[in-house]
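User: Hello! I am new to this structure and would like to learn how to read it. Could you take me through it step by step?

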Amino acid sequence: MQTRAAVAWEAGKPLSIETIDVEGPRAGEVLVEVMATGVCHTDAYTLSGLDSEGKFPAILGHEGAGIVREVGPGVTTVKPGDHVIPLYTPECRQCKSCLSRRTNLCTAIRATQGQGVMPDGSSRFHCEATDRLGSNTVFHYMGCSTFANFTVLPEIAVAKVRDDGLHQSNGGRPRQGRAGHHRSDRRRR
Ligand SMILES: [Zn+2]
Ligand SMILES: [Zn+2]
């Protein structure tokens, strides 16, 4: 499918609204229609070029809320129509970190997330306009990429909103945003 997104082509340049191709969710992934997104210092930090992990072109944005529209094979915890919050720190409930009882910084997909791709190593975003760079890949950002009308996330990177907290109860906008954080919360390998 095609959708519109604010693409960060390169560090220090303004975001540009583009039509991009979004590939459907693969195994263990979900397609989410983003209903609202926040703008965080961390997005600006990466766009500035100071973020050593920053990759371009990318669809920034990591604080948002949306509705699941499609799920890939094997997805069991959410279904189309569920309202969800994308999580830049997922919760797989199985990795060493999740089971340690000493941290909630899940490490299951951190390596690929830092590289701007899904856990299988590829991106779901492509844009013809990137041909000038020799590749039409547009990278994911912090596992979320909420500056798009549709985004693809790993199943473990969405939190289902309780049915009594649905977005439309507030005119289509999500309720109170999550507490702030800094990208430095993430530990690097
Ligand atoms: Zn943030
Ligand atoms: Zn985990």
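**Reading the model, feature by feature**

Analyst: Let us begin with one residue: Gly 61 counts as buried because its relative accessibility is 0%. Buried means under 20% relative accessible area, exposed means over 50%, and partly exposed lies in between, using a 1.4 Å probe and protein chains only. A word on the source: this is a predicted model, in which local features need pLDDT of at least 70 and side-chain atom pairs count only at pLDDT 80 or more, while totals for chains, interfaces and linings use all residues. Residues are numbered from 1 along each chain as its sequence is written, chains are lettered from A and ligands numbered from 1 in the order in which they are written, and side-chain values use heavy atoms, with hydrogens and water left out.

User: Where is Gly 61 found, and which residues is Gly 61 in contact with, leaving aside its neighbours within four places in sequence?

Analyst: Helices (H or I, at least four residues) and strands (E, at least two) are DSSP runs, numbered from the N terminus. Gly 61 sits in the loop between S4 and strand S5 (64–71). Contact means heavy atoms within 4.5 Å. Apart from neighbours within four places in sequence, Gly 61 is in contact with Asp 43, Tyr 141, Cys 144, Ser 145, Thr 146 and Phe 147. Its C-alpha atom is separated by 7.1 Å from that of Thr 37, 24 residues apart along the chain.

User: Is Gly 12 buried or exposed?

Analyst: Gly 12 counts as exposed, because its relative accessibility is 59%. This glycine is in the loop between S1 and S2. Leaving aside neighbours within four places in sequence, Gly 12 is in contact with Leu 47 and Ser 48. Gly 12 and Leu 47 are 35 residues apart in sequence, with 5.9 Å from C-alpha to C-alpha.

User: What pattern does the protein follow along the sequence?

Analyst: The pattern is β-β-β-α-β-β-β-α-α-β-β-β-β, which comes to three helices and ten strands. Of the 189 residues, 47% are buried. Among contacts between residues at least 6 apart in sequence, 68% join residues at least 24 apart.

User: Which residues touch the most other members of the largest nonpolar core?

Analyst: A nonpolar core is a set of buried Ala, Val, Leu, Ile, Met, Phe, Trp, Tyr and Cys residues joined through side-chain atoms within 4.5 Å. The largest one here has 34 residues, and those touching the most other members are Ile 20, Val 30, Val 32, Ile 59, Leu 60, Val 78 and Val 158. Strand S1 (2–8), strand S2 (16–22), strand S3 (29–37), strand S4 (58–59) and strand S9 (150–154) each give two or more residues to this core. S1 supplies the largest share, four residues. Beyond its neighbours within four places in sequence, Val 32 has contacts that include Gly 66, Val 84, Phe 150 and Val 158.

User: What coordinates the zinc ion (ligand 2)?

Analyst: Donors are N, O and S atoms within 2.8 Å of the metal (3.2 Å for Na, K and Ca); water is not among the atoms, so sites may look incomplete. Here Cys 92 (SG), Cys 95 (SG), Cys 98 (SG) and Cys 106 (SG) coordinate the zinc ion (ligand 2) at 2.3 Å. Along the chain these donors follow the spacing C-x2-C-x2-C-x7-C. Four donors count as tetrahedral if all angles lie between 85 and 135 degrees; this site is tetrahedral, with angles of 106 to 116°. Cys 106 counts as buried, because its relative accessibility is 2%.

How values were computed: Four donors count as tetrahedral if all angles lie between 85 and 135 degrees; four count as square planar and six as octahedral if opposite donors are over 155 degrees apart and all others between 65 and 115; anything else is irregular.
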